[in-house]
Amino acid sequence: MSYLASVSSRDRLRLRLDGLLMTSPDPPPTRGRSLRSTIFSSGELRLELAERDVPKPDGNEVVVAVQASPINPSDLGVLLGAVAPGTLRADGLDLVGTVPEAVLPLYRDRLDKPLPVGNEGAGTVIAAGPDAATLIGRRVALFGGSMWADYRVVDAAAVVELPGDVSIAEGAGLFINPLTALSMVETMRVEGHKALVHTAAASNLGQMLVRICAADGIGLVNIVRRAEQTQVLRDLGAIYVVDSSQPDFADRLTQSIRETGATLAFDAIGGGSSAGEILTAMERAQPPLAAYTPYGTTVHKQVYIYGSLDVSPTVIQRSFGLTWSVGGYLLTTALARLGAEAVGRMRARVLAEAKTTFASGYAQRIGLREVLRPEVLAVFTRRSTGTKYLIDPSSDRST
Ligand SMILES: NC(=O)c1ccc[n+]([C@@H]2O[C@H](COP(=O)([O-])OP(=O)(O)OC[C@H]3O[C@@H](n4cnc5c(N)ncnc54)[C@H](OP(=O)(O)O)[C@@H]3O)[C@@H](O)[C@H]2O)c1
């Protein structure tokens, strides 16, 4: 078996590897960094860059040199747990903090285990087992976990080769948010709804959903919380944008729902009154009942909570009859429910529209070590519009 060169510098890694380095006699890397997050039984949270062996690829396995991985809200959950704000501080090269004792039982299944972080990313295949040797030198994206690392060893079936015109940075976020946004539209169809409501709608995912719905002619009511976010979405083609900070929010939400006919909502906020306000507006948007009943209309109203941007309790003030439902929503579960044909179609669309519908903007590109700098972490953990960071481990890899 022949291996691609051990990629040892940022510039070299960024070369188009196809062919050029294929003949290098250097062995593949045997060690690499991996970011680990541990919550100890004592309540200490420790983030560290652990040096680990890079396993030699077997059979159909490939070694991907990771060059880009976005910092998504779901990664922050694994990275930080419910660490108390203000307790994070540097400890040598590590970052440590404290998880309040009262919430430690929530983390029972991860206590004292160093967890890898980083759901998705992209990079270059630098070594492979004999059955996947043709992938050496290919630029690939993957959704395999443990991506905040120098190298990731996975089965070749788990990687998707990037089209020639899609950069590695563009390929890094082509799974979670694009597939979640598309799955929302598929779910809408499967469950018999005709339009959608979406909260925290100026998010990276929300902007993708605006583009999808504009292209596909689907009614979408976008809920934002700042005036400037309204313009961001209008510039992308959004028709209905309602600002929850405005005094006429409830009326405008009801009117937008009436005009679109939306009976399905995806709520990224989760905590507070968001889900209940949407259900109330959906009920009020229905035509008046010919004969009064205290049970409300028979129109089914569904809210899926799919994020935890607000971790406070979900408060539902029930003022919308009894034909409604609130449930959780997770991409992997949704994909399993939608089935292989739909997933294949969605993946093909994501690749074809990687530079348009599913393009992500990144505020900053940082190395792995910078993730552990308190002042850098303070920015990307805000989860604010336009502060999504991209990690490029190759930018501060020493060997
Ligand atoms: N369930 C799943 O399978 C799944 C899959 C993918 C994504 N998600 C979820 O999708 C959401 C969006 O992800 P993303 O990567 O697109 O996020 P993102 O680009 O980081 O954007 C986060 C957005 O949320 C807004 N926001 C933050 N805290 C908020 C709050 N308390 N109330 C209202 N708005 C708030 C921010 O607006 P400001 O600028 O006003 O702060 C920003 O526009 C996240 O919650 C993520 O966990 C879930």
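Which of the 26 residues around the ligand come nearest? Ser203, Asn204, Gly307, Leu331 and Thr385 do, where a residue counts as near if its C-beta atom, placed from the backbone, lies within 6 Å of the molecule.

## The model and its numbering

This is a predicted model, in which local features need pLDDT of at least 70 and side-chain atom pairs count only at pLDDT 80 or more, whereas totals for chains, interfaces and linings use all residues. Residues are numbered from 1 along each chain as its sequence is written.

## Two domains

The protein is divided into domain 1 (10-173 + 360-395) and domain 2 (176-338), with bounds that come from an automatic or database domain assignment. Their contact takes 10 residues from domain 1 and eight residues from domain 2, two residues being in contact if their C-beta atoms, placed from the backbone, lie within 7 Å. On the side of domain 1 that touches domain 2, two residues are nonpolar, five are polar and three are charged. The C-alpha centres of the two domains lie 32 Å apart.

## The shell around the ligand

Both domain 1 and domain 2 give residues to the shell around the ligand, so the ligand lies between them. The helices α2 (73-80), α4 (176-190) and α5 (204-216) each supply at least two residues of this shell, and the largest share, three residues, comes from α4. Helices (H or I, at least four residues) and strands (E, at least two) are DSSP runs, numbered from the N terminus.

By residue type, the shell divides into 12 nonpolar, nine polar and five charged residues. Here Ala, Val, Leu, Ile, Met, Phe, Trp, Tyr, Cys and Pro count as nonpolar, Asp, Glu, Lys and Arg as charged, and the others, Gly among them, as polar.

## The largest nonpolar core

The largest nonpolar core has 103 residues, and those with the most contacts inside it are Val62, Val63 and Val64. This core draws at least three residues from each of domain 1 and domain 2. Such a core is a set of buried Ala, Val, Leu, Ile, Met, Phe, Trp, Tyr and Cys residues joined through C-beta atoms within 7 Å. A residue is buried if 20 or more other C-beta atoms lie within 10 Å of its own, exposed if 12 or fewer, and partly exposed in between, with C-beta atoms placed from the backbone.

If residues up to four places away in sequence are not counted, the residues that Val64 touches include Gly123, Thr124, Val125, Val140 and Leu142.

In helix α6 (residues 227-235), Gln229, Val232 and Leu233 are buried. Seen down the axis of α6, the buried residues fall within an arc of 90°, so they line one face of the helix; the arc is that of the directions from the helix axis to the C-beta atoms. An α-helix has 3.6 residues a turn, so residues three or four places apart point the same way.

The face of α6 turned away from its buried side carries the exposed residues Ala227, Glu228 and Asp235. Among the elements that cover the buried residues are α5, β12 (219-224) and β13 (240-243). Just after α6, glycine 237 takes a positive phi of about 110°.

## Two loop residues

Lysine 56 lies in the loop between β2 (44-53) and β3 (61-70), and is partly exposed, with 15 other C-beta atoms within 10 Å. Lysine 56 and alanine 128 are 72 residues apart in sequence, while their C-alpha atoms are 8.2 Å apart in space.

Threonine 87, in the loop between α2 and β4 (89-91), counts as partly exposed with 14 C-beta neighbours inside 10 Å. Leaving aside neighbours within four places in sequence, threonine 87 is in contact with Gly97 and Thr98.
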